[in-house]
Amino acid sequence: MDIHIRIAQRLRELRDARGYSLDTLAERSGVSRSNISLIERGQSSPTAAVLDKLAIGLSVALASFFEDSAAGDSTAPPSPCIRAADQPQWQDPASGYVRRRLSPPAPSPLQLVEVVFPPGKRVALDSAVHDADIHQQVWLMEGRMNLTVGDTTWPLHAGDCLAMQLHQPIVFHNPGSEPARYLVALTTVGMAPHRFAAPAPTAPAARRKP
């Protein structure tokens with residue numbers, strides 16, 4: 001399935017599942033009604049920032065837009081295996097970063113995503129999903145990345161791994177001259193009725209922004 005069609009179907013499914021009208025989702029997400037409609041019809045290619053706003057409005061992780069559509073073939077159970085050639089890939093129109101969904105279609109609380117992030121690029125996401133307890137870890141395999149989670153900036157080098165909750169803004173920045181490649185693992189623990197408190201830094205390497 002074309003990735004833009006997948007995003008369009010998933011956005012419509014997630015909105016319908018919550019009983020949100022286009023106007024309701026526009027109010028919750030800050031994305032205009034007309035833009036949401038264009039995305040759902042496959043006539044607009046949303047950026048990562050726009051998808052992040054829609055994810056917040058729907059109280060889901062951004063990765064939810066890349067899952068298999070429920071409108072697909074329901075006669076066969078989803079496979080627990082997905083071949084590399086079949087893993088859906090999407091490129092952010094704004095920054096050029098590429099994300100590949102590694103997880104197979106079979107239901108699982110864990111999702112794996114591979115990202116290749118261009119040198120010098122920066123992506124700022126609100127990531128404040130207040131109604132769901134979503135945990136994420138980023139394991140840097142190649143290159144360098146600076147991840148600013150809330151007010152704390154974490155410089156990452158190959159082999160480093162950073163854990164976070166998606167309840168505060170996150171900025172991804174590649175300060176190097178080569179592409180960075182990293183693995184993202186995320187899971188939704190359960191519904192959270194209130195905003196969670198930010199975890200206290202546990203590593204001495206944390207550096208506060210002035």
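In what follows, Ala, Val, Leu, Ile, Met, Phe, Trp, Tyr, Cys and Pro count as nonpolar, Asp, Glu, Lys and Arg as charged, and the others, Gly among them, as polar. This is a predicted model, in which local features need pLDDT of at least 70, side-chain atom pairs count only at pLDDT 80 or more, and totals for chains, interfaces and linings use all residues. Residues are numbered from 1 along each chain as its sequence is written, and side-chain values use heavy atoms, with hydrogens and water left out.

A cavity here is a set of points on a 1 Å grid over the protein atoms alone where a 1.4 Å probe fits but cannot get out, and lining residues have an atom within 4 Å of a point. Grid points are joined across faces, edges and corners, and a volume is the space filled by probe spheres set on the points. There are two cavities of 30 Å³ or more.

| Cavity | Volume | Lining by class |
|---|---|---|
| Largest | about 300 Å³ | 20 nonpolar, two polar, two charged residues |

Of the 24 residues that line the largest cavity, L62, R99, L125, Q136 and F172 are the closest to its centre. The second largest cavity is lined by F66, P88, W90, R99, R100, R101 and V113. Strand β2 (residues 98–101) gives the largest share of that lining, three residues; strands (E, at least two residues) and helices (H or I, at least four) are DSSP runs, numbered from the N terminus.

Key:
On a 1 Å grid over the protein atoms alone, a cavity is a set of points where a 1.4 Å probe fits but cannot get out, and a pocket is an open set with protein on both sides within 12 Å along at least five of seven lines; lining residues have an atom within 4 Å of a point.
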